[in-house]
Amino acid sequence: MLSTYQYQKFPFVTPPELKTKEVTRRKVIIVGAGPVGLAAAIDCKLQGLDVLVLDDDDTVSVGSRGLCYAKRTLEILDRLGVAAAVRNKGVEWNVGRTFFRKEEVFNFNLLPAPDHKHPGMVNLQQYYLEEFLVRRAVELGVELRWNHRVTAIEQGEEFSTLQIVTPEGDYSLQADWLIACDGARSPLRQMLGLEVEGKVFMDRFLIADVVMKADFPAERWFWFDPPFHPNQSVLLHREADNVWRIDFQLGWDADPVEERKPEKVMPRIKAMLGDDREFELEWVSVYTFQCRRMEKFRHGRVLFAGDAAHQVSPFGARGANSGIQDADNLVWKLKLVVDGKAPAKLLDTYSDERVFAADENLLNSTRSTDFITPKSAISKCFRNAVLSLAQEHAFARKLVNSGRLSVPSTLSTTILHTPDHASFDTALQIGAPFEDGPVSTQSGTGFLIDYLQPVFHGLYFCDAVSDIPAAHLAAIKALEKEVIPVATLIISKQEVELDGHLCLTDTKGLLHQRYGAENGSYHLLRPDQHLTARWQKFELNHILRALQTACGNSSGVA
């Protein structure tokens, strides 16, 4: 098979513990250097946490695997410093089209509003994302240990002890906190005797990465019952390097070993593309749908994230996206706990919030799978009727489900948020991720996201800086000096400077509109950029109380 990607072998470095025979204790150890583990490691480093990454391999993932990275994930990768590389190499797209047999019956656009920094979706093979994350981690000084396989774990009240096998011998490490990002089969989960519960769907799909030059647009195309693959489903995506991802539904009776053979794969692709289209195979795999999760993601001092904690079917791009959002939710909380600014129970809200998000993903993934692979003659009849009606009737289009694509969860049930006590004319809800928009300063133009760091942020909205009372400016400065500081961004409709404070001009008025903000309103964002509280009138005591709530300090004292 042709290979468009040159796999780099990362060097094994002899750990000092093999020489000293001492058992080192680290603040945070991450097991697994996939996208989730690397994202968590970079975030830990950016927030000043001592972090070590262990991986049992010495290269990036083989094959495209995780492919579609949604707008919210791109915003997180932006903060981590790799979004530009992902977008430069990847294929941006917003439009998806669904076909029934030969006819298009439905299409959608992922970007509902203009003037966001990032597009609705970028397609990029997982090995590139991992390469960019590794490069960024090394740049920041994250310690990555390749060919280090964890074979045993013993939990204690203060730390966990890991037994590790390497090419040069075995050694032990202690971790105050352990983040398990070791994949769907998660050896750590098995070592701790923990289960994943859910459903395995009785169907199989073939993935084929195909290298070809084609003038198809950068869109997602999904076929139900196409003439080139009758009674089954097919998905087509474009990737980087003129690689195209094709997924063929096979049915449960298909032999996964036989179906991977080129002599079985090539005729399927030729039937789809035609005999005149030249192409070469790069990677082939067969997978089975799974929709499962652990009961909870925190077990003492071990925290599970990504596929180690939950698995969904690949239709909808919910795997890597939700895993990276796990890391985004976890690390800022871990930082507060390690620094003694929040109780350890704050990490229970990591589990609560991401279990809530996982259940949303599992529900959507299950519904997609049931629509794509109906389990009875009646279900298939219903699905085909929906597809037949969708071309001309709007009500039927809402029922078409070729994989509801990844959207971030609005954390509406968490105990960390402060309910509204005023009305806001906006669709933005408490618990949702922030809304981006264009801004300008004296030094140039950009987007709100460019000014958000992994700390608590306040957004102070005003018509003009001259409207801000002196008492509010003093309170804003006081917030910056709190034990848990809040960095406030002043967002004004008029372009103006303010000595000693950064002011962002809402160049198109979109931020005021998207936040439903009146003159003097204040919105509090968590370090993971989710909206945790808001007021139409600035009140310092209310903000301080909401800040403590957001940190799990129900008593109001860290």
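# Close-up views of a predicted model

**View 1. Surroundings of Thr-161.** Leaving aside neighbours within four places in sequence, Thr-161 is in contact with Ala-152, Ile-153, Glu-154, Leu-173 and Gln-174, where contact means heavy atoms within 4.5 Å. Thr-161 belongs to strand β10 (residues 160-166); helices (H or I, at least four residues) and strands (E, at least two) are DSSP runs, numbered from the N terminus. With a relative accessible area of 17%, Thr-161 is buried. Here buried means under 20% relative accessible area, exposed over 50%, and partly exposed in between (1.4 Å probe, protein chains only).

The structure is a predicted model, in which local features need pLDDT of at least 70 and side-chain atom pairs count only at pLDDT 80 or more, while totals for chains, interfaces and linings use all residues. Residues are numbered from 1 along each chain as its sequence is written, and side-chain values use heavy atoms, with hydrogens and water left out.

**View 2. Gln-536 and the backbone oxygens it reaches.** Gln-536 is placed in the loop between β26 (531-535) and α15 (540-550). Its relative accessibility is 9%, and Gln-536 therefore counts as buried. The side chain of Gln-536 reaches two backbone oxygens: that of Gly-516 at 3.0 Å and that of Ser-423 at 3.2 Å. Not counting residues up to four places away in sequence, Gln-536 touches several residues, including Ala-422, Phe-424, Ala-517 and Glu-518.

**View 3. The salt bridge between Arg-526 and Glu-353.** A salt bridge is a side-chain nitrogen of Lys or Arg within 4 Å of a carboxyl oxygen of Asp or Glu, and by this rule the count comes to 37 salt bridges. In one of them, the side chains of Arg-526 and Glu-353 meet at 2.9 Å, N to O. Arg-526 lies in the loop between β25 (522-525) and β26, whereas Glu-353 lies in helix α10 (residues 346-372), so the pair ties together parts that are 173 residues apart in sequence. Both partners count as buried: Arg-526 has 1% relative accessibility, and Glu-353 has 3%.

**View 4. The salt bridge between Arg-534 and Asp-420.** The closest N and O atoms of Arg-534 and Asp-420 are 2.8 Å apart, and the two residues form a salt bridge. Because Arg-534 is in strand β26 and Asp-420 is in the loop between α12 (394-397) and β20 (438-441), the pair ties together parts that are 114 residues apart in sequence. Arg-534 counts as buried at 7% relative accessibility, whereas Asp-420 is partly exposed, with a relative accessible area of 30%. Elsewhere, salt bridges that share partners join Asp-43, Lys-71, Arg-72, Glu-75, Arg-79 and Asp-328 into one network.

View 5. Cys-291 is buried, with a relative accessible area of 5%, and Cys-462 counts as buried at 0% relative accessibility.

**View 6. A nonpolar surface patch.** Phe-382, Leu-389, Phe-395 and Leu-399 make a nonpolar surface patch of about 390 Å². Patches are made of residues with over 30% relative accessible area and no salt bridge; like charges are joined within 9 Å, and nonpolar side chains (Val, Leu, Ile, Met, Phe, Trp, Tyr) within 5 Å. Accessible areas come from the Shrake-Rupley method with a 1.4 Å probe, and for residues only the protein chains shown count as cover.

View 7. Most residues other than glycine have a negative phi. Arg-101, although not a glycine, has a positive phi of about 60°. Arg-101 is found in the loop between β5 (95-100) and β6 (103-109) and counts as partly exposed at 40% relative accessibility. Asn-242 also has a positive phi of about 60° without being a glycine. Asn-242 is found in the loop between β14 (233-238) and β15 (243-249), and at 32% relative accessibility it counts as partly exposed.

Methods: Polar contact = N/O pair within 3.5 Å; in protein donor to acceptor, adjacent residues only side chain to side chain.
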